[in-house]
Amino acid sequence: MWKQSDMESLCYVSGSRCGTSVIQDGDLGQKTITFRCEYDEKFKTHTKVFYRLNEDPVHVLNSSQSSQSSEEKFSLSDSRKDHFTVTIRDISAADGGVYLCGVERYGSDHRPSDQSITHITFIKEIQLNVYGQTSVQVQAYSSKSVFITCKFPQEFKGNKKFIQKDSSQKIFVDGQNQWVRHDKTHMFDDSSEGRLKVFISDLTAADEATYRCGVNISDHDLFTEITLTVNQVDHFPASSNASAIIGESVKLTCNFPEKHDETFTHICKENKEKICESISSSEKKRFEFSAGPAGVFTVSISNVSVRDAGVYWCGAETRDTHLTSVSLTNQHQLTPTSSSGFCLRA
C-alpha cells in the first residue's frame, strides 16, 4: 500500500510540481464541479486516485471499477481510455484548495515486477478557487446617510465594479479612483486597494432593498449581497453647530442606537461632492473617541485649525470580512474662530 511519503516524493520531477498545473474556478453554492484528468494509455487499467494536498481522505477508483456513486461528495468516473473525471457536489468555501489527480503504478525502477510496492504518479495539479456571495444586514435611518465599502480579492482590483438594487439593471462604475454619481448613489472604485465605496444620502423608505455590491469576473460575478433596512426614527438630532478656538479642542456629541453599542464608532467629513469621507490617517491622531451614556459617544478634536471647518457626520460602523458599513446619524457644522467669541453657522 502506498504511503503519503511516496506521493509527495513523486510530485517534484523534471522541474514540474505534479504534471500539468491548472486553475479552475467554482461558485459558492454551485451544484457540481468536474475536473478532467488525462493519463497515458498504459495506465488505462490502473487504479485512479484523487487527493487533496496535505489533507485526507484520498478518493480511489479501483482498477475493477469504471465509476463511483454519484451521490457522494466526491465521485470518480474513468473513461478506461485516456482520462478520468472527478465531480465534487454542493460546492462550499471549504472546498477551495489544491487537488492532485494520479494513477497507481506497481513495482520500482529496479524491480518493476514487484507488485508489493505501489507508487502514485500524479498527472495533474488543480487549484480550485471558490467564489460567491456573502450576505450582510445593514441598518440605516431615514433622512440620514449610509457609507458602504465592499472588498474584493486583489487580483480583481482592475475589473469592472457595479452596484445593483434588487433585480434592476446593474450600475457599472465608469472609471476608477473618482466619484461617480447615479441619482443619490455615489460610487468610487478604489483601484489601489480593490474596494468599491458606495455612499447613499438622504435615505427614505424607497431605498430599503437588497443590493449587490460586486465585481465582474469574465463569465460570472463576485458580489456581496446587502440587505439595507431604513428605520423611520426621529430621536437623532438633524444637525448641530459647534465652534472652537483655533489651537484648542472641541467636543462633538453623537447618538446611535443602543443595539449598536458593540460596533465601532465613526466620524467622517463631507467633501465638495457632499460625500462623507473618512478622516485621513495623518489627521486621525487628533480625533479621540470616548464612551458616554448608552447610545451616546463623544468625539474630541484637538489642536483645531482653519482646515477643520466643515460638516461632520458620526455614527455606528459595522465590519464584515467583505464589507464595512457606516450608518450616519448626526450632523455637525464646525466653525473655528481665532477669537474667544463664538461664531455659529446655521
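The disulfides of the chain follow the pattern 1-2, 3-4, 5-8, 6-7, where bonded cysteines are counted along the chain. The exercises below start from this pattern. The model is predicted, so that local features need pLDDT of at least 70 and side-chain atom pairs count only at pLDDT 80 or more, while totals for chains, interfaces and linings use all residues. Residues are numbered from 1 along each chain as its sequence is written, and side-chain values use heavy atoms, with hydrogens and water left out.

**Exercise 1. Disulfides**

State how many disulfides the chain holds, and describe the link of Cys 37 and Cys 101.

Solution. 
- Step 1. A disulfide is taken to be a pair of cysteine sulfur atoms within 2.5 Å. By this rule the count comes to 4 disulfides.
- Step 2. The sulfur atoms of Cys 37 and Cys 101 are 1.8 Å apart, and the two residues form a disulfide.
- Step 3. Cys 37 lies in strand β2 (residues 32–38) and Cys 101 in strand β7 (residues 97–106), so the pair ties together parts that are 64 residues apart in sequence. Strands (E, at least two residues) and helices (H or I, at least four) are DSSP runs, numbered from the N terminus.
- Step 4. Cys 37 and Cys 101 are buried; buried means under 20% relative accessible area, exposed over 50%, and partly exposed in between (1.4 Å probe, protein chains only).

**Exercise 2. Handedness**

Determine which of two links, that of Cys 254 and Cys 314 or that of Cys 268 and Cys 276, is left-handed and which is right-handed.

Solution. 
- Step 1. Cys 254 and Cys 314 form a disulfide with their sulfur atoms 1.9 Å apart. The angle about the S-S bond is -105°, and this link is left-handed.
- Step 2. The pair links distant parts of the chain, with Cys 254 in strand β19 (residues 250–255) and Cys 314 in strand β24 (residues 310–319), 60 residues apart.
- Step 3. Cys 254 counts as buried because its relative accessibility is 0%. Cys 314 is also buried, with a relative accessible area of 0%.
- Step 4. Cys 268 and Cys 276 form a disulfide with their sulfur atoms 2.0 Å apart. Here the angle about the S-S bond is 110°, and the link is right-handed. Both of these cysteines are buried.

**Exercise 3. Two open sheets**

Give the strand order of the sheet that contains β2 and of the sheet that contains β19, and identify the edge strands of each.

Solution. 
- Step 1. Two strands pair if DSSP finds at least two bridges between them. In the order β2-β6-β5, 3 strands form an open sheet with antiparallel pairing.
- Step 2. β2 and β5 (74–78) stand at the edges with a single partner strand each, so one side of each is left without a neighbour in the sheet. The twist from one strand to the next averages 20°; axes are lines fitted to C-alpha atoms, for helices over the stretch in contact, and angles run from 0 to 180 degrees between N-to-C directions.
- Step 3. β2 is joined to strand β6 (residues 83–89) by 7 bridges, and the two run antiparallel. The bridge partner of Thr 32 in β6 is Arg 89.
- Step 4. Another 3 strands form an open sheet in the order β19-β23-β22, again with antiparallel pairing. Its edge strands are β19 and β22 (287–291), each of which pairs on one side only. The twist averages 25° from one strand to the next.
- Step 5. Between β19 and strand β23 (residues 296–301), which run antiparallel, there are 6 bridges. Asn 255 has Val 296 as its bridge partner in β23.
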